[in-house]
Amino acid sequence: MLLEKVGAPLALRDISKPKPGRGQLLVRVNVCAVCRTDLHIVDGELPAPKLPLILGHQIVGRVEALGENVKGFSVGDRVGIPWLGWTDGECAYCRSNRENLCDRAKFTGYTIDGGYAEFTVADARYCFHLPDQCDDVDVAPLLCAGMLGYRSYRKTENTRRLGIYGFGNAAHLISQVAIYEKREIYAFTRPGDKAGQDAARSLGAVWAGGSDEMPREKLDAAIIFAPVGALVPAALRALAKGGIVVCGGIHMSDIPSFPYVDLWNERVITSVANLTRRDGEEFLKIAPRVPLKTKTKIFPLEDANTALDKFRAGELEGTAVLVVSSS
Ligand SMILES: [Zn+2]
Ligand SMILES: [Zn+2]
């Protein structure tokens with residue numbers, strides 16, 4: 001499936017099988033999970049995607065062939081391909097363990113081709129071995145929603161009371177990790193979304209309410225997964241002194257102004273960009289220990305446009321996973 005023009009539906013095209021270059025894997029795609037970022041790209045909310053583009057950056061497949069000089073993978077291995085597809089390894093960010101901020105980074109399904117296809121090539125150094133306990137469909141959403149959620153969660157350090165605004169896929173995954181690590185989850189949904197609040201409570205949240213409500217206790221930290229800038233001042237007001245608000249999305253509407261007193265007392269606002277390979281490795285280690293449960297809805301690859309439309313309309317209960325071929 002190709003995105004030929006921003007704003008247009010994906011076009012089904014025959015695409016010739018790519019050849020793995022030096023250091024690359026040719027991967028036969030089994031499944032590719034759909035991420036909100038895919039929607040942001042289709043809808044033109046992220047600048048300058050490669051065009052035409054094969055979307056998709058939560059890819060699970062089998063290694064079909066190796067380029068020269070590949071280390072750590074063999075033909076037949078199951079691999080996960082995430083959002084971070086390549087970095088230069090030499091800029092100031094890469095040299096200080098912040099490859100997620102690399103000036104020249106390339107991203108799967110955005111600036112390099114991704115996994116809404118039968119085959120893809122990927123730089124082996126950025127691919128992951130996957131835990132055997134998780135099947136393809138269940139592990140795919142961990143590759144972005146899970147890993148970026150995990151990076152957002154780690155930014156909150158060892159805080160006890162953790163608010164989560166926007167209780168979608170990333171929140172669902174990261175709450176399980178947080179509860180496993182004995183944190184208290186305060187779940188904020190769209191005002192009036194009783195079903196969402198019930199779901200959060202049944203997952204183990206100690207409190208669930210609308211984003212316009214205040215929890216009974218001040219929060220030590222909050223993560224915002226919803227792409228809604230107005231939630232930033234709302235979350236700040238729910239924080240105790242010294243608390244942190246982590247914006248976990250790649251795109252957000254403008255943040256309205258707010259009085260300085262809401263930031264005063266060493267409250268912090270930060271964002272999370274991309275992931276490092278270390279985040280991914282840590283997360284894939286912890287996932288089977290929790291053990292993480294994913295909620296998914298399966299679509300055949302040909303129905304990628306339907307999956308995107310349903311996601312945009314908020315009609316999906318779990319993560320959409322495109323099934324290409326079964327392993
Ligand atoms: Zn770099
Ligand atoms: Zn993503």
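Good morning. I begin with a metal site: the zinc ion (ligand 2) is coordinated by Cys35 (SG), His57 (NE2) and Cys144 (SG), at distances of 2.0 to 2.2 Å. Donors here are N, O and S atoms within 2.8 Å of the metal (3.2 Å for Na, K and Ca), and since water is not among the atoms, sites may look incomplete.

Before I continue, please note that this is a predicted model, in which local features need pLDDT of at least 70 and side-chain atom pairs count only at pLDDT 80 or more, while totals for chains, interfaces and linings use all residues. Residues are numbered from 1 along each chain as its sequence is written, chains are lettered from A and ligands numbered from 1 in the order in which they are written, and side-chain values use heavy atoms, with hydrogens and water left out.

Let me return to the zinc ion (ligand 2). Along the chain, its donors follow the spacing C-x21-H-x86-C. Cys35 lies in the loop between strand E1 (24-33) and helix H1 (36-42), and Cys144 in the loop between helix H2 (136-139) and helix H3 (145-155), so this pair ties together parts that are 109 residues apart in sequence. Helices (H or I, at least four residues) and strands (E, at least two) are DSSP runs, numbered from the N terminus.

Are Cys35 and Cys144 buried or exposed? Cys35 counts as buried because its relative accessibility is 11%, and Cys144 counts as buried at 5%. The terms are as follows: buried means under 20% relative accessible area, exposed over 50%, and partly exposed in between (1.4 Å probe, protein chains only).

I turn to the other zinc site. Which residues coordinate the zinc ion (ligand 1)? They are Asp88 (OD), Cys91 (SG), Cys94 (SG) and Cys102 (SG), at 2.0 to 2.3 Å. The spacing of these donors along the chain is D-x2-C-x2-C-x7-C. The arrangement around the zinc ion (ligand 1) is tetrahedral because its 4 donor atoms subtend angles of 97 to 118°. Four donors count as tetrahedral if all angles lie between 85 and 135 degrees; four count as square planar and six as octahedral if opposite donors are over 155 degrees apart and all others between 65 and 115; anything else is irregular.

The next residue is Arg78, which is placed in strand E3 (residues 78-81). Arg78 has a relative accessible area of 13%, and therefore counts as buried. What does its side chain reach? A polar atom of the Arg78 side chain lies 2.9 Å from the backbone oxygen of Pro131, and the side chain of Arg78 also reaches the backbone oxygen of Cys134, at 2.8 Å. A polar contact is a pair of N or O atoms within 3.5 Å; within protein, one must be able to donate a hydrogen and the other to accept it, and residues adjacent in sequence count only if both atoms are side-chain atoms.

I now come to the salt bridges. A salt bridge is a side-chain nitrogen of Lys or Arg within 4 Å of a carboxyl oxygen of Asp or Glu. How many salt bridges are there by this rule? The count comes to 21. One of them joins Lys50 and Asp113, whose closest N and O atoms are 3.0 Å apart. Lys50 lies in the loop between H1 and strand E2 (59-66), and Asp113 in the loop between strand E5 (106-107) and strand E6 (119-123), so the pair ties together parts that are 63 residues apart in sequence. Lys50 is partly exposed at 30% relative accessible area, and Asp113 is partly exposed at 29%.

A further group is a network of salt bridges linking Arg160, Arg161, Glu184 and Glu217. Within this group, Arg160 forms a salt bridge with Glu184, with the closest N and O atoms 3.6 Å apart. Arg160 lies in the loop between H3 and strand E8 (161-165) and Glu184 in strand E9 (residues 184-189), so the two tie together parts that are 24 residues apart in sequence. Glu184 also forms a salt bridge with Arg161, the closest N and O atoms being 3.7 Å apart. This pair links distant parts of the chain, with Glu184 in strand E9 and Arg161 in strand E8, 23 residues apart. As for accessibility, Arg160 is partly exposed at 44%, Glu184 is partly exposed at 21%, and Arg161 is buried at 17%.

Thank you for your attention.
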